[in-house]
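This report covers a helix pair and a metal site. The structure is shown first, and the text then takes each topic in turn.

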Amino acid sequence: MRCPFCHNADSRVIDSREADEGATTRRRRSCPKCGRRFTTVEEAVLAVVKRSGVSEPFNRSKVVAGVRRACQGRPVDEDQLQKLAQQVEDAIRATGAAEVPSNEVGLAILRPLRELDEVAYLRFASVYRSFTSVADFEKEIAELKARQPGAADVAEPAGTPAG
Ligand SMILES: [Zn+2]
């Protein structure tokens, strides 16, 4: 590992410890040339496999970009987008898989997005859950309504046949 201070091509590890419950390894390094110390973090690459079969490293900013599009005109700020992308990454890493299909990344976005903004959620869901008809939207909206606090008080009378 190159020294970030003097750009010496080599450095040596003086300490190594696991962090984030073993998901990452932090190494304390020392430069033999300038003597300065720095820390590196090592973590397994989480690969996203696209429909074409090509895989690429998971990229949080791509999640942000996709969600930002769905949030156009909605009261969602950049901090919230970043937080959502972090939640998505955590959820995917928590599965322990080394690679995930890109479609699953989309699905992992849905849950936190639903908490964030329901309109953006519907836009996003229409793509990732392949809505093909107005009925798909209606079903999803019915589920959103059912989730709202106090929904039971304003729901349709008991005994209404479902569907
Ligand atoms: Zn150095």
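In this predicted model, helix α1 passes helix α2 in a right-handed crossing. The contact between α1 and α2 comprises seven nonpolar, two polar and four charged residues. Helix α1 covers residues 60-70 and helix α2 covers residues 78-94; their axes come within 9 Å and cross at roughly 125 degrees. The two helices, α1 and α2, are therefore oblique to each other. The residues that meet are listed by helix below.

| Helix | Residues in the contact |
|---|---|
| α1 | R60, V63, V64, V67, R68 |
| α2 | E78, L81, Q82, L84, A85, Q86, V88, E89 |

The metal site comes next. Which residues coordinate the zinc ion? The SG atoms of C3, C6, C31 and C34 do so, at 2.2 to 2.4 Å. Along the sequence, these donor residues follow the spacing C-x2-C-x24-C-x2-C. C6 and C34 link distant parts of the chain, being 28 residues apart: C6 belongs to the segment before β1 (12-19), and C34 to the loop between β2 (24-30) and β3 (37-43).

The arrangement around the zinc ion is tetrahedral because its four donor atoms subtend angles of 106 to 117 degrees. For four tetrahedral donors at a metal, the ideal angle is 109.5 degrees.

The segment before β1 also holds H7. The phi of H7 is positive, about 65 degrees, although H7 is not a glycine. Most residues other than glycine have a negative phi.

Note on methods:
Residues numbered from 1 in each chain as written. Predicted model: local features only at pLDDT ≥ 70, side-chain atom pairs only at ≥ 80, totals over all residues. Heavy atoms only, no water. Axes fitted to C-alpha atoms, helices over the stretch in contact; angles between N-to-C directions. Helix = DSSP H or I, 4+ residues; strand = E, 2+ residues; numbered from the N terminus. Parallel < 35°, antiparallel > 145°, perpendicular 65-115°, else oblique. Left-handed = near helix turned anticlockwise from the far one by under 90°. Contact = heavy atoms within 4.5 Å. Nonpolar A, V, L, I, M, F, W, Y, C, P; charged D, E, K, R; others polar. Donors = N, O, S within 2.8 Å, 3.2 Å for Na, K, Ca; no water. Tetrahedral: all angles 85-135°; square planar, octahedral: opposite > 155°, others 65-115°.
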